[in-house]
Amino acid sequence: MHRLLITGAGGNVGKKLRDRLAGFADILRLSDIVDLGEAGEGEEIVLCDLADLDAVIDLVDGVDGIIHLGGASVENTFEYILNANIRGTYNIFEAARKTGKPRILFASSIHAVGFHPREKRLDDDTPFRPDCLYGVSKCFGESLASYYYDKFDIESAVVRIGSCEFEPVDRRMLATWLSPEDFVQMIKDIFNAPRLANTMLYGASANKEQWWDNSHAAFIGWTPQDSSEQFRKKLEASTPKPTWNDPNVVLQGGRFATAGHFEDEN
Ligand SMILES: NC(=O)c1ccc[n+]([C@@H]2O[C@H](COP(=O)([O-])OP(=O)(O)OC[C@H]3O[C@@H](n4cnc5c(N)ncnc54)[C@H](O)[C@@H]3O)[C@@H](O)[C@H]2O)c1
């Protein structure tokens, strides 16, 4: 690949990808609204507000692939989510349509389906069940990906990321953890796949507790290698054991599902 765009490159996940994807494309075009420092070798930096369509068209022009991470990554006001996630993700897909139709990886979230209970194994037939407005915005982004593939042939992977952290920080993450290395391999498999169509993948490592089924996406060939088990003892020693009927345990979205409505509480 010649030029790969990463939006939200200054965020938690984007910073992990910056070094790890060096060399995967000739040029990484890194974008955010926050300062990204100096461009290194094989990098270019374009600061851009995702809510500005004209700016996003310039941002996307000339790229061969997009990893779309930018926007709100937790619950916020509707106004914030409207600009960062709803307008922002529409602008990315619309800019792709108006330029070279690059393949897109859309960072969705498990919070698009967070009201499903833990004991239900989720797959690509699972209906949306968002657990907050942030989750609703991810359902919108997933629908955009479907629409732009069916109507305009823009291939995309929608990745319902669990928790992409260096290590799990609570017991729920023993199931939802996605190691940065496994995510990087998933990204490579997504952009290297001869055909992608519009495919949804759950983003979790090869953890012992498995909530999600990616067998529909086996043709991409992604096989996670890491497991959260190495952190279990430490986490169980440092966190209280929850009860089986604690709503944070019952629902896949955990605390996102049990939190009140953001506008009422802030
Ligand atoms: N971190 C996870 O485990 C996780 C889990 C599920 C989904 N995701 C998704 O992955 C993506 C990255 O997550 P993260 O943890 O790095 O989030 P983050 O909040 O750390 O980073 C998001 C970045 O987007 C930028 N941004 C916000 N609004 C913008 C706008 N209007 N224009 C341009 N840039 C804007 C922010 O400045 C920030 O650097 C998000 O879309 C998030 O919803 C992450």
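The model is predicted: local features need pLDDT of at least 70, side-chain atom pairs count only at pLDDT 80 or more, and totals for chains, interfaces and linings use all residues. Residue numbers start from 1 along each chain as its sequence is written.

I start with the whole chain. There are 10 helices and nine strands; helices (H or I, at least four residues) and strands (E, at least two) are DSSP runs, numbered from the N terminus. The radius of gyration is 18 Å, close to the 18 Å that the globule rule gives for 266 residues, so the chain is as compact as a globular protein of that length. That radius is taken over C-alpha atoms, and the rule is 2.2 Å times the number of residues to the power 0.38. Of the 266 residues, 44% count as buried. Buried means 20 or more other C-beta atoms within 10 Å of a residue's own, exposed means 12 or fewer, and partly exposed is in between, with C-beta atoms placed from the backbone.

Next, the core. The largest nonpolar core has 66 residues, and Ile6, Val60, Ile66, Ile92 and Leu105 touch the most other members. H3 gives the largest share of this core, seven residues. A nonpolar core is a set of buried Ala, Val, Leu, Ile, Met, Phe, Trp, Tyr and Cys residues joined through C-beta atoms within 7 Å.

Now helix H4, residues 133-152. Its 20 residues should span 28 Å at 1.5 Å a residue, and its end C-alpha atoms are 28 Å apart, which agrees. The expected span is 1.5 Å times one less than the number of residues. Among the buried residues of H4 are Leu133, Gly141 and Tyr148.

After H4 comes Asp153, with a positive phi near 60°. Asp153 sits in the loop between H4 and S6 and is exposed, with 11 other C-beta atoms within 10 Å. Ala197 also is not a glycine, and has a positive phi of about 55°. Ala197 lies in the loop between helix H6 (180-192) and S9. Most residues other than glycine have a negative phi.

Last, the ligand. Which residues come nearest to it? Of the 24 around it, they are Gly8, Gly11, Val13, Ser73 and Ala107. The shell divides into 10 nonpolar, 12 polar and two charged residues. Here Ala, Val, Leu, Ile, Met, Phe, Trp, Tyr, Cys and Pro count as nonpolar, Asp, Glu, Lys and Arg as charged, and the others, Gly among them, as polar. A residue is near a molecule if its C-beta atom, placed from the backbone, lies within 6 Å of it.
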